[in-house]
Protein chains: 2
Amino acid sequence: MAGNTSTPGATVTSRALALLGAFDEHHRRLTLTELADRAGLPMPTAHRLVGELVAWGALVRTSTGEYAVGRRLWDIGLLAPVQTGLREVASPYLHDLYGATLATVHLAVRDGTSALYVDRLAGHASVPVVSSIGSRLPLHATGVGKVLLAHAPLDVQHAVLADLTRITPYTITQPGLLRRQLARVVRDDYATTTEEMSLGGCSIAVPVRRGPDVVAALGMVLPSLKDRAKLVGALQVAARGIGRSLG
Amino acid sequence: MAGNTSTPGATVTSRALALLGAFDEHHRRLTLTELADRAGLPMPTAHRLVGELVAWGALVRTSTGEYAVGRRLWDIGLLAPVQTGLREVASPYLHDLYGATLATVHLAVRDGTSALYVDRLAGHASVPVVSSIGSRLPLHATGVGKVLLAHAPLDVQHAVLADLTRITPYTITQPGLLRRQLARVVRDDYATTTEEMSLGGCSIAVPVRRGPDVVAALGMVLPSLKDRAKLVGALQVAARGIGRSLG
DNA sequence: CAGGAGCCTTCCGCTCAGTGGAAGACTGTC
DNA sequence: GACAGTCTTCCACTGAGCGGAAGGCTCCTG
């Protein structure tokens, strides 16, 4: 829109969105300079656009002069269908599970080749875990991930099996081994991990089905897998309940 | 940006944001026509901007051809400081409370003259309630609202007391009566409502303090207030825990 | 306390990105 | 098969947006 643009072809909208995209889990607060830098915009341009975003409420300026994501974007983000159906429906079941076991409970969906954590419950007594709502973790190293992977299209499985990054010494990095595990996940209808994502943490997960389709995975993180049978039972009851409520 | 604009002075960014702002709790899915209408833009303009927003992931097009808020906006919305501190810290305490009582548990902050629900837990056994995460309800008709109002600046109190809309036959609409209740809330350190927001639902709420400041309110919704003393105790223990964790 | 490094903000002339009416395509409905 | 409702594409006109340059402002540091 301007004569002397340094990057002809870039739209105003794309610049504004680049500013929003400059924020991520590790950059929740940014100065104007950082914002301009991360969005690849000259300072004056960033300054003007950021001013508009702040005026609207997409961003806020903190008392320290830094910028953060604003409440209005938070509002609108919550309207995303990511949760509207699934999360809303699953919420009571997650609480039930949490109440019964006091372990960290997770609800995740597959987003490309990652597991996207849609909801998470963690109490005081729970094992500390790395996930948080909205975070993405690899499919091959988490309980919910293995469930989602086992029921994913073949091209996704191939892509994931071709790149098994090691996270802990116990992470499975051999495609053949993981492939056999996935077959077992389909057969037994649940998956487990043992310190594959974080040391000291094990997990169990089951698929959530809407009709015949696996739409999500429900899992929990524990210090050990000793009560496996009981936990799988509890998870499956909750998963069926969620599936039924999804209609 | 354009020669023949119908509304000179409006920036591209403001138009794009207007499109995002077209979504709200009651309009989670919109057709292009509705979007253009609600954003006050001509169809072709809306079409082009929406295309960019979809390409970036701010919006998604559903299988029915309607538009909804996209996953990427959801991601970024979650980074808002609204929850980062408070919600994260409070989460385990809410679960503890839920586990102990199985009632709907709420965490709210004051946003202007409304109570903004930052988190909510509801199980199967709980009374059905209107609130959901991200929703705003009036300060004068909810338990958490009364707590927040009682500790709000005087100008906010005046503004709210001047406009007490009736929601149920039991909603308090007399300023004098509410004023006396607020004094009691400050004295007793908890608030109650009886079918003032929704018929069949009562609530109890207590303030969450960070040092001397009331930063949030913690409440629960129940079919009756019979175990009031015990519930207030549980809420206050949780509220103090949250306050302490906030440092 | 001068000098300087890093921030942020304002200014302003150039120009191309953005605009939206008009027209066309693609549904479903009677 | 006409029609009403959606959505999509086209294109000539132009003012909104661009960003280099310059000016503030706030901390440092010697």
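Predicted model: local features only at pLDDT ≥ 70, side-chain atom pairs only at ≥ 80, totals over all residues.
Residues are numbered from 1 along each chain as its sequence is written, while chains are lettered from A and ligands numbered from 1 in the order in which they are written.

Let's start with chain A. Its C-alpha atoms fill a box of roughly 65 × 35 × 35 Å along the principal axes. Chain A has ten helices and eight strands, which are DSSP runs numbered from the N terminus (helices: H or I, at least four residues; strands: E, at least two). Of its 247 residues, 47% are buried, that is, with 20 or more other C-beta atoms within 10 Å of their own, C-beta atoms being placed from the backbone.

Now the partner chain. Here, 41 residues of chain A are in contact with 41 residues of chain B, contact being C-beta atoms, placed from the backbone, within 7 Å. On the chain A side, the elements that each supply at least two residues include helix H1 (12-21) and helix H3 (43-56).

How do those two helices pack? H1(A) and H3(A) meet at an angle of about 80°, their axes 10 Å apart; axes are lines fitted to C-alpha atoms over the stretch in contact, and angles run from 0 to 180 degrees between N-to-C directions. So H1(A) is roughly perpendicular to H3(A), a label for angles of 65 to 115 degrees. From H1(A), Arg15(A), Ala16(A) and Leu19(A) take part, meeting residues of H3(A) that include Leu49(A) and Leu53(A).

Terms used
Buried ≥ 20, exposed ≤ 12 C-beta atoms within 10 Å, placed from the backbone. Contact = placed C-beta atoms within 7 Å. Parallel < 35°, antiparallel > 145°, perpendicular 65-115°, else oblique.
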